[in-house]
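Subject: Model for your files, with notes on side-chain contacts

Hello,

Please find the structure below, handed over as promised. My notes come after it.

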Amino acid sequence: MAGPSEQQPVSRRHPSAGASASGAIGTALLVAAAAAAAGGLLLGTEALPLWDEPLPSYGSRMLGHVARTSEDLYVRLLLSLPGGPQATVGKKRSESVPGAAAGTSAADEATQDKFKQEVARTSSEIDAQRQVSVKRYVEVRKEVAEAAGGEEPPVLPEHPDEVRMRMPPARPDGPEMRCGEEIPPESSLVTRGIELRARSVFQGNHGGQYGWKYIITFKNLGTDTVQMLTRHWIFVDQHGTLTNEVKGPGARGVTPVLPPGGEWSYESGTSLSTPYGSMHGSFQFEVLKGDTSPEKRSFSARVGRLLLSKKQKDRRLVPCQDEASSELLPQTSVLVTERVILGGQADASGKSEGRYNFGYDVQFNNARDSEIEVVGHSWTVVDAEGTREILVEGPGVGGNFGSRPYRLPAGDAFRVQGKLWSATKLANAEGTYRIIVKEGGTFREIEARTDYMGLSADKSVTHAPNFVAQPAEVL
């Protein structure tokens, strides 16, 4: 069944994007429309107004999108800055040679294929890091198979949330959270031999939002070879309010493989409506070589809580806040299915015809050792009354890809955007994709999901009740 998300791709421009407006608000919206035209070229098609979206609604949607997904949008903003990194997540890639990154030179790959990988600043450097991860993954699997008498190790990543929940609880007064004390804009923790160092740097304020970039450095001090597959972040303002909870695949489109002694860094960004706050989180790892016993083959490593402040050498007391209860779902989600990683996020986009509309954005990461192909899709929404409905389903990727399939080389990533709707202001949504994978000389089909994420028509609400798990209790 084809729904509006197939009929009206998010890549279409609004027919009245240049319409006149009056007063200061109208002028601001015209500026936003002009920025949208440039944004379509620099920041991707999701920056464009929807075909049937009123201009004021577009302006409101983009402001809300910035507030809730600033970690991701920070990377996109850098694309428009001279000398900034040119991220390629979501752009079409060469498919002539499976696993080969277009524009990746041998020199780039040689530079990145070393124990210490610096922050990738260009498209080719990001591509090179992806190819290094694929190369290392293939080599490690071969080594493990040879040690096991030629038998290939199983592909068994776990649910990222389950991996996180196995972490020992963080003590409020321990080094992970440092509650009740003034904290600096940096932190460092070691979990199972993986050191995670974090540092934040103030980037200025605009439109009532204060922005920071943060630099995360991974270093493998242990003896296992591991791969980072997913991330989880908690952002808190100066009042101790949880403003954003982010779940996503990899980082910057990369799922780095860290051998003993290996080091990898990346940077991203976030914003708050207050001049200071805090952030903390974790990364989920799979052990590729070493102790791969069932209870140890996956683990989560924490990033200690650090300050977000206008002053680099500042120390401040910020109230502690942990992730939301399991009875609530953030407007982001991530799930790993046989090393195909799907990360989703959702944003409100107004109300029409008696229903609440939302936009979705899904990132696919192929952490396998060979190309995959996305051949089918469906989206399910569960509203606040517990009513479950398959809104859209069909061949191909769906959303702004329509019915077209998409081949994704090993180690690569891409994105798709589309539209959802619900009869209630709060709801849950999950995307399911049919994917062809290759094992040995055979092909088979798997189902990869985004997991359920929250939908909220109120832009100030960051989480929605989990109507899927316990609809009777939350109503």
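Predicted model: local features only at pLDDT ≥ 70, side-chain atom pairs only at ≥ 80, totals over all residues.

Residues are numbered from 1 along each chain as its sequence is written, and side-chain values use heavy atoms, with hydrogens and water left out.

Salt bridges

A search of the whole structure gives 23 salt bridges (a side-chain nitrogen of Lys or Arg within 4 Å of a carboxyl oxygen of Asp or Glu). One of them joins R171 to D173, at 3.7 Å from N to O. D173 is exposed, with a relative accessible area of 57%; the classes used here are buried for under 20% relative accessible area, exposed for over 50%, and partly exposed in between, with a 1.4 Å probe and protein chains only.

R197 and E263 also meet in a salt bridge, again with 3.7 Å from N to O. Strands are DSSP runs of E with at least two residues, numbered from the N terminus. R197 is partly exposed at 30% relative accessible area, whereas E263 is buried at 11%.

In the salt bridge of R368 with E439, the closest N and O atoms are 3.3 Å apart. Here too the pair links distant parts of the chain: R368 is in the loop between β14 (355-366) and β15 (372-383), E439 is in strand β19 (residues 426-439), and they are 71 residues apart. R368 counts as buried at 5% relative accessibility, and E439 as partly exposed at 33%. Both belong to a network of salt bridges that links E338, R368, E439 and R444.

Nonpolar cores

The largest nonpolar core has 32 residues, where a core is a set of buried Ala, Val, Leu, Ile, Met, Phe, Trp, Tyr and Cys residues joined through side-chain atoms within 4.5 Å. The residues with the most contacts inside this core are V362, F364, W379, V397, F414, Y433 and I435. Apart from it lies another core, of 30 residues, including W212, F235, W264 and L272.

Leaving out residues up to four places away in sequence, F364 touches I341, L342, V374, L408, D412, A413, F414, V416, Y433 and I435; contact means heavy atoms within 4.5 Å.

Aromatic rings

The structure holds 18 aromatic pairs. Rings of Phe, Tyr and Trp (its six-membered ring) pair if their centres lie within 6.5 Å, and planes under 30 degrees apart count as stacked, over 60 as edge-to-face and the rest as tilted. Y214 and F235 form a tilted pair, at 6.3 Å centre to centre and 40 degrees between the planes. Y214 is in strand β4 (residues 209-220) and F235 in strand β5 (residues 225-237), 21 residues apart. Y214 and F235 are both buried.

F364 and Y433 form an edge-to-face pair, at 4.9 Å centre to centre and 80 degrees between the planes. This pair links strand β14, which holds F364, to strand β19, which holds Y433, across 69 residues. F364 and Y433 are both buried.

Ring pairs also link Y214, F218, W233, F235, W264, Y266, F283, F285 and F299 into a cluster.

R339 lies over the face of Y137, at 3.9 Å from the ring centre, and R355 over the face of W421, at 4.4 Å.

Two individual residues

N357 is in strand β14 and counts as buried, at 10% relative accessibility. Its side chain makes a polar contact of 2.8 Å with that of S352 and one of 3.5 Å with that of R355. A polar contact is a pair of N or O atoms within 3.5 Å; within protein, one must be able to donate a hydrogen and the other to accept it, and residues adjacent in sequence count only if both atoms are side-chain atoms. Beyond four places in sequence, the residues that N357 touches include L420 and W421.

L306 is in strand β10 (residues 298-308) and is buried, at 0% relative accessibility. The C-alpha atoms of L306 and E186 are separated by 5.2 Å, although these residues are 120 apart along the chain. E186 is also among the contacts of L306, together with R178, A198 and M279.

Regards

Technical notes:
Helix = DSSP H or I, 4+ residues; strand = E, 2+ residues; numbered from the N terminus. Lys NZ or Arg CZ within 6 Å of the ring centre and 35° of its normal.
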